[in-house]
Amino acid sequence: MTPIIKDNTYIYIKELPNEIEPLMPLCSQSIRDKVEATNSPRRKCEIVASHLIIKDILGDNVSIAHDQNGAPILVGAQEYVSISHSATEIAIAINPHCPIGIDIENWRDQLIKVKSRFLSLQELDIYSTPQLMLQAWTIKESLYKVAQVPGISLADDIILPTDGNDNIAIVKTPQGECQFLFHIITSSPSRCVTLAHPL
């Protein structure tokens with residue numbers, strides 16, 4: 001797999017498999033057990049795809065676990081990892097030096113209905129078109145992941161820049177405000193991928 005490289009982060013984007021049965025012999029017993037314990041067909045595909053991509057990139061001795069907040073971590077490697085799924089794709093970001101957040105999303109009309117839940121009043125005026133709204137969603141989701149502060153509000157605690165040329169956002173945490181850098185890796189009216197990391 002050829003990654004997209006941004007700020008020492010390696011980003012891998014791949015289509016989710018339609019069927020996992022042919023892939024199961026490639027999976028370890030622990031992954032097969034996780035798949036068996038999952039009822040959702042889509043979640044089964046996500047589990048298999050993420051573990052096979054990590055295996056392909058980092059080798060058989062590296063696996064994915066989750067921390068106390070549910071964020072993915074690597075077992076058997078020192079790198080930081082972030083994982084995101086859309087309806088059809090998986091995005092995995094790996095950085096050897098710092099925490100990261102990745103988000104991949106397809107446009108869906110539901111974002112219009114819930115825009116006030118993830119955009120502040122000022123942001124609603126700026127991120128007003130469907131493509132900008134989709135960008136804002138993926139930016140905030142990637143920032144939420146990298147900030148690792150459970151329970152913060154997307155609308156109130158993650159502040160997007162008001163200047164379209166700026167890619168620095170602020171996250172309000174119990175310890176104070178933190179700045180993060182974000183990069184829109186790809187963006188179209190129907191799909192967006194965003195990476196975030198500490199400034």
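In the predicted model, helix α1 passes helix α2 in a right-handed crossing, a crossing being right-handed if the near helix is turned clockwise from the far one by less than a right angle, and left-handed if anticlockwise. Helices are DSSP runs (H or I, at least four residues) numbered from the N terminus. The axes of α1 (residues 29-36) and α2 (residues 41-58) come within 9 Å and cross at roughly 165°, where axes are lines fitted to C-alpha atoms over the stretch in contact and angles run from 0 to 180 degrees between N-to-C directions. The two helices are therefore roughly antiparallel to each other (angles over 145 degrees). The contact (heavy atoms within 4.5 Å) involves Ile31, Lys34, Val35 and Glu36 of α1 together with Lys44, Ile47, Val48 and His51 of α2; these residues divide into four nonpolar, one polar and three charged.

One aromatic pair was counted, the criterion being ring centres within 6.5 Å, with the six-membered ring used for Trp. The ring centres of phenylalanine 118 and tryptophan 137 lie 4.9 Å apart and the ring planes stand at 85°, so the pair is edge-to-face (planes over 60 degrees apart). Because phenylalanine 118 belongs to helix α4 (residues 115-118) and tryptophan 137 to helix α6 (residues 130-147), the pair ties together parts that are 19 residues apart in sequence. Phenylalanine 118 is buried, with a relative accessible area of 1%, and tryptophan 137 is buried at 15% (buried means under 20%, with a 1.4 Å probe and protein chains only).

Residues are numbered from 1 along each chain as its sequence is written, and side-chain values use heavy atoms, with hydrogens and water left out. As this is a predicted model, local features need pLDDT of at least 70 and side-chain atom pairs count only at pLDDT 80 or more, whereas totals for chains, interfaces and linings use all residues.

Definitions and conventions:
Parallel < 35°, antiparallel > 145°, perpendicular 65-115°, else oblique. Nonpolar A, V, L, I, M, F, W, Y, C, P; charged D, E, K, R; others polar. Phe/Tyr/Trp six-rings, centres within 6.5 Å; stacked < 30°, edge-to-face > 60°. Buried < 20%, exposed > 50% of the residue type's maximum accessible area, 1.4 Å probe, protein only.
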